[in-house]
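Biologist: Could you walk me through how this protein is packed inside? I'm new to this, so please take it slowly.

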Amino acid sequence: MNSIQGPAIFLAQFMGDSAPFNNLITMAKWAADLGYKGIQVPTNDPALFDLEKAANSQAYCDEIKAQCAAVGISITELSTHLQGQLVAVHPAYDELFDNFAPAHLRGKPKARTEWAIAQLKLAAKASQNLGLKAHATFSGALLWHLVYPWPQRPAGLVEQGFAELAARWLPILDAFDAAGVDVCYEIHPGEDLHDGASFERFLKATNFHPRANILFDPSHFVLQQLDYLAFIDRYHDRIKMFHVKDAEFRPDGRAGVYGGYQDWVDRPGRFRSLGDGQVDFKSIFSKLTQYGYRGWAVLEWECCLKDSAQGAKEGAPFIAAHLIERAGRAFDDFAGGSSDAARNRRILGLE
């Protein structure tokens, strides 16, 4: 049996107003025709997936699951990336992030935050009704504008920021715990949880809540120049979701990690379609298999050069080729002997 399930695809980058991308079931059929076995479903558009209805109607969830299964597709997880971002927004970003909220909440940051928290709690119940065990989201950010320590940050500021972030998320984490679902934060620049050190701060602030987990996406680590393989070694017990996304980092004499305010195509750090970047996916799939990761491998397509249709078409066979069937026996079993304590003592020179 494959220790990792897949291939699956995140639908957010493909949603649209025209068929088949304007309906969940037709999107499921589109994904199946490309070779995918699962879909990760965004929840910010009721026309695609009605989050409130899913939280309150087991029949709605059963119907959606059955319709997806009829075309050979499983729902892998739900996503509240946009709503999760709104759990914590610094005022400097209010107007930009208002686009993530319903129109009647724009310009009302307190009401927007309350709505976002309610959305996450609905997602916990909806995930439970769908029989899911993990959920994808963002942490939001109160401290991102302070990521570079100049001017010098006042003592205690970072700790206070994480205490506030934890206070907003703890009721949500408890709701997911009651639903039996892990909250998987995508570790991502722009969020307060953007690397291992910041995730550890959040864990400490939440008293190491068992539902505070990780959506592992190596592309964001390439752009930060963080060792994504060592990250797996450190945090594999908290990695409950996996976005398969490629990236490259090619600094020059003009720009590096920060990008110089350039568009994506001109930045040294760029997202690429699978196989076109620098991510070592063979080592990633090997490490995740080694540590017993049994979740889905989900394509998140983002590329500054290649068309989305081509990226989606190439993604399923790429992921399938990297799935590892976990060995059922050691390769050198044929040369082994039976267990014998007395024999072992002689080999050790104890007799």
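Biologist: Let's start with Ile9: which residues does Ile9 touch, leaving out those up to four places away in sequence?

Modeller: Keeping in mind that this is a predicted model, Ile9 touches Phe14, Trp30, Ala31, Tyr36, Gly38, Ile39 and Gln40, and also Val298, Leu299 and Ala312, when residues up to four places away in sequence are not counted.

Biologist: And how many residues are in the largest nonpolar core?

Modeller: The largest nonpolar core has 90 residues, and those with the most contacts inside it are Ile9, Ile39, Phe49, Trp169, Phe216 and Ile284. Helix 7, which covers residues 157-179, gives the most to this core, with eight residues.

Biologist: What lies apart from that core?

Modeller: Another core lies apart from it, made of five residues, and among them are Ala136, Cys184, Leu215 and Met241.

Biologist: Back to helix 7, then. At what angle do helix 7 and helix 8 pack?

Modeller: Helix 7 packs with helix 8, residues 196-205, at an angle of about 65°, and their axes are 8 Å apart. The crossing of these two helices, helix 7 and helix 8, is right-handed.

Biologist: Which residues make the contact?

Modeller: Helix 7 contributes Val158, Glu159, Phe162, Leu165, Ala166, Trp169 and Leu173, while helix 8 contributes Ser198, Arg201, Phe202 and Ala205. Sorted by class, the contact of helix 7 with helix 8 has eight nonpolar residues, one polar residue and two charged residues.

Biologist: New topic: are helix 10 and helix 11 roughly parallel or roughly antiparallel?

Modeller: Helix 10 (residues 228-235) and helix 11 (residues 281-290) pack at an angle of about 5°, with 10 Å between their axes. Angles under 35 degrees count as roughly parallel, and helix 10 and helix 11 are therefore roughly parallel to each other.

Biologist: Who meets whom there?

Modeller: Tyr228, Leu229, Ile232 and Asp233 of helix 10 make the contact with Ser283, Ile284, Lys287 and Leu288 of helix 11. By class, that contact of helix 10 with helix 11 has five nonpolar, one polar and two charged residues.

Terms used: Residues numbered from 1 in each chain as written. Predicted model: local features only at pLDDT ≥ 70, side-chain atom pairs only at ≥ 80, totals over all residues. Heavy atoms only, no water. Core = buried A, V, L, I, M, F, W, Y, C linked by side-chain atoms within 4.5 Å. Buried < 20%, exposed > 50% of the residue type's maximum accessible area, 1.4 Å probe, protein only. Helix = DSSP H or I, 4+ residues; strand = E, 2+ residues; numbered from the N terminus. Contact = heavy atoms within 4.5 Å. Axes fitted to C-alpha atoms, helices over the stretch in contact; angles between N-to-C directions. Parallel < 35°, antiparallel > 145°, perpendicular 65-115°, else oblique. Nonpolar A, V, L, I, M, F, W, Y, C, P; charged D, E, K, R; others polar. Left-handed = near helix turned anticlockwise from the far one by under 90°.
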